[in-house]
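I opened a notebook for this structure.

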Amino acid sequence: MRTQPLKSAQHSGQARTPKRGGRWRDHRQVIDAIAWKFQTGSQWVHLPAEYGAWKGVYTRLRNWAIDGTWERVFTALLAQADAEGDLDWVVSVDPTIVRAHQNAAGARKRGPAGEPDHHAIGRSRGGLTTKIHLAADGRCRPLCFVLTPGQAGDTPAFEHAMAALRVPRPVGRPRTRPPVVLADRAYSSRAIREHLRRRNIRAVIPQPADQIANRKRKGRLGGRPPAFDRQAYKQRNTVERCINRLKNWRGLATRYEKTATVFQAGLHIAGIFIWSAR
């Protein structure tokens, strides 16, 4: 016996009521799922069942990365710590290189977020790598992140890292100028010292041996050596200890994410957890 096909709403004359979307899953559960993924470095399909479907978790991670939600939460925690006097403004700057896994390659050249063509992945002698330029406060906590391809130099990214350092205040403009910046010999260039001098920021950066020899060879024309506070420079290890804290997250010690937007969101999430534990 042949069954009659079901009549569509259009033919039956009844208007179909649009179905509303479901309720958002609990934000805390999604955040815990994202943190688990970056802490373990596991693949998204291996997300434990108690966190729900991995596609929903990844979608919220990516959407909040594109609209800047993770960065705003991270910045709000910095502002709260600064208002409470808990932010140590002895700032250290340094980069670190992370290996990009083969799963991180193959992203579209320019996605909906308007990302750069390279997605902060470069090819060097070690393979595919990404370089993270960051600033840390005097208590080993991150203040900002800038991503470049792994083969990029440290000096050109210094001004970008300093420009990314913005801590809002209850009244007035955001705070962007620390009283002192500590950096290693890789940042000992005339351009960086002049940039800090224009902004009234004291630079604690040692000179490399070749610059010292070149200045001495010129005699009087070489000028005076730049001021260097050896005692203050002993605190520069704070940024290296901050990097170690970030790389305890296996999904950040090795990059598995294809787009720079999502990988930088992982850095902001790790920073949120670090600042929340103060």
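I looked up Ala120 and its burial. At 2% relative accessibility, Ala120 counts as buried; buried means under 20% relative accessible area, exposed over 50%, and partly exposed in between, with a 1.4 Å probe and protein chains only. I read its phi as near 60°, a positive value in a residue other than glycine. Most residues other than glycine have a negative phi. Ala120 sits in the loop between S1 and strand S2 (122–124). Helices (H or I, at least four residues) and strands (E, at least two) are DSSP runs, numbered from the N terminus.

I noted the source. The model is predicted, so local features need pLDDT of at least 70 and side-chain atom pairs count only at pLDDT 80 or more, while totals for chains, interfaces and linings use all residues. Residues are numbered from 1 along each chain as its sequence is written, and side-chain values use heavy atoms, leaving out hydrogens and water.

Next I looked up Cys140. Its phi is near 65°, again positive in a residue other than glycine. Cys140 lies in the loop between S3 and strand S4 (142–149). With a relative accessible area of 7%, Cys140 is buried.

How many cavities of 30 Å³ or more does the whole structure hold? The search finds one. On a 1 Å grid over the protein atoms alone, a cavity is a set of points where a 1.4 Å probe fits but cannot get out, and a pocket is an open set with protein on both sides within 12 Å along at least five of seven lines; lining residues have an atom within 4 Å of a point. About 50 Å³ of space lies in the largest cavity. Strand S1 (90–100), strand S3 (127–136) and helix H9 (237–246) each give two or more residues to its lining.

The largest pocket holds about 560 Å³ of space. Of its 22 lining residues, Arg190, Arg193, Gln207, Arg224 and Pro226 are the closest to the centre. Helix H6 (190–198), strand S6 (202–204) and helix H7 (209–218) each supply at least two residues of that lining.

Last, I looked up the cores. A nonpolar core is a set of buried Ala, Val, Leu, Ile, Met, Phe, Trp, Tyr and Cys residues joined through side-chain atoms within 4.5 Å. The largest has 59 residues, of which Leu61, Trp70 and Leu196 touch the most other members. Helix H11 (residues 260–276) gives this core its largest share, 10 residues.

Definitions and conventions
Points joined across faces, edges and corners; volume = space filled by probe spheres on them.
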